Amino acid sequence: MKKYITIALAKGRLAEQTLALLEQTGITCEEMKDKKTRKLIFTNEERGLKFFLSKTSDVPTYVEYGAADLGVVGSDTILEEGRKVLEVLDLGLGRCDMCVAGPASARELLKKNQVIRVASKYPQIAKDYFYNRKHQTVEIIKLNGSVELAPIVGLSEVIVDIVETGSTLRANGLEVLETICPLSARVIVNEASMKLQRERIAGLIKNLKQALQ
Ligand code: PRP
């Protein structure tokens, strides 16, 4: 039986960018380009590859359990999910920062070690930053999107969120107060696959590195 290498991609722009990069290495998956398809898994028989599209936050889960040998996902998701996976390559796609943001008036609250409320789609990253790096006790409120609303409507004093161009913050009278870490898309690998399929995986990573140059 043919052994496939299975690659999990985060649905959306990152999957499209990753496929474009793979194409530069000579790996194509025509089926996947059909935007109307409802199919979730695609095969490239010639190269012995399977691709599937999953919700972004599930990519590290598929890779940890070995349902996918490889995954491509943002480092925000890798940090938030905390799954046991090997991070092997920074693709440099989707560069942005994870930041603490809020109105300028909230800057003082971050210095005074006050108990403040922090809204975020990334509660683990927020918790790690405030508890382990800043040693500030905060109340973390999990939201699922449009996080910039929280300080405007009085749900929280600050937010922890992704800032790319900064235009969402500016449009809402908010600013970056502290930068937590830079983010970009990474290739992650299942630990057992890395041992059992080392050569094929190393070959794929080498090709991707070359395509990035
Ligand atoms: C992300 C992020 C910010 C925005 C930052 O939201 O949560 O809201 O992009 O980009 P900018 O600095 O270029 O303005 P996304 O569009 O993913 O949607 P969401 O608000 O539903 O999370």
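Select lysine 84 first. Its relative accessibility is 56%, so lysine 84 counts as exposed. Keep in mind from here on that this is a predicted model.

**Stop 1**

Glutamate 191 has a relative accessible area of 32%, which makes it partly exposed. Side chains of opposite charge can pair when their charged atoms come close.

**Stop 2: arginine 107 and glutamate 175**

Next, select arginine 107 and glutamate 175. Their side chains also meet in a salt bridge, at 2.8 Å from N to O. Check the surface around each end. Arginine 107 is partly exposed at 33% relative accessibility. Glutamate 175 is partly exposed at 31%.

**Stop 3: a pair inside helix H5**

Stay on helix H5. Select glutamate 108 and lysine 111. Both lie in this helix, three residues apart, or about one turn. Their side chains meet in a salt bridge of 3.3 Å, N to O. Lysine 111 reaches 61% and counts as exposed.

**Stop 4: a three-residue network**

Now pick Glu87, Asp90 and Arg186. Salt bridges link these three residues in a network. Across the structure there are seven salt bridges.

**Stop 5: the positive patch**

Switch to a surface view. Select Lys11, Arg38, Lys55, Lys121 and Lys142. Together they form a positive surface patch. Centre on lysine 55. This residue is in the loop between strand S3 (49-54) and helix H3 (59-64). Lysine 55 is exposed, with a relative accessible area of 54%.

**Stop 6: the nonpolar patch**

Keep the surface on. Select Leu149, Ile152, Val153 and Leu155. These residues form a nonpolar patch on the surface, and their accessible area together is about 350 Å². Zoom in on valine 153. You will find valine 153 in helix H7 (residues 149-153). Is valine 153 buried or exposed? Valine 153 is exposed, at 60% relative accessible area.

**Stop 7: tyrosine 4**

Tyrosine 4 lies in the segment before strand S1 (5-10). Its relative accessible area is 18%, and because buried means under 20%, tyrosine 4 is buried. What touches tyrosine 4, leaving aside residues up to four places away in sequence? The contacts are Thr43, Glu45, Gly48, Leu49, Lys50, Asp69, Gln197 and Arg200. Tyrosine 4 and leucine 204 are 200 residues apart in sequence, yet 13 Å apart in space, C-alpha to C-alpha.

**Stop 8: helix H6 and its end**

Select helix H6 (residues 123-133). Its buried residues are Pro123, Ile125, Ala126, Tyr129 and Phe130. Then step just past the helix to histidine 135. Histidine 135 takes a positive phi of about 55°.

**Last stop: the whole chain**

Zoom out and show the cartoon. The protein chain has ten helices and eleven strands. Its C-alpha trace spans about 60 × 35 × 30 Å along the principal axes. Colour by burial: of the 213 residues, 46% are buried. Then look at contacts. Among those with a separation of 6 or more, 68% join residues 24 or more positions apart.

Bring the surface back for a final look. The chain exposes about 11500 Å², and carbon and sulfur atoms supply 49% of that area. Colour by charge to finish. There are 31 positive and 27 negative side chains, and the centres of the two sets are 2 Å apart.

Notes: Residues are numbered from 1 along each chain as its sequence is written. This is a predicted model: local features need pLDDT of at least 70, side-chain atom pairs count only at pLDDT 80 or more; totals for chains, interfaces and linings use all residues. Side-chain values use heavy atoms; hydrogens and water are left out. Patches are made of residues with over 30% relative accessible area and no salt bridge: like charges are joined within 9 Å, nonpolar side chains (Val, Leu, Ile, Met, Phe, Trp, Tyr) within 5 Å. Accessible areas come from the Shrake-Rupley method with a 1.4 Å probe; for residues, only the protein chains shown count as cover. A salt bridge is a side-chain nitrogen of Lys or Arg within 4 Å of a carboxyl oxygen of Asp or Glu. Lys and Arg count as positive and Asp and Glu as negative; His and the chain ends are not counted. The place of a charge is taken as NZ of Lys, CZ of Arg, CG of Asp or CD of Glu. Helices (H or I, at least four residues) and strands (E, at least two) are DSSP runs, numbered from the N terminus. Buried means under 20% relative accessible area, exposed over 50%, partly exposed in between (1.4 Å probe, protein chains only). Contact means heavy atoms within 4.5 Å.
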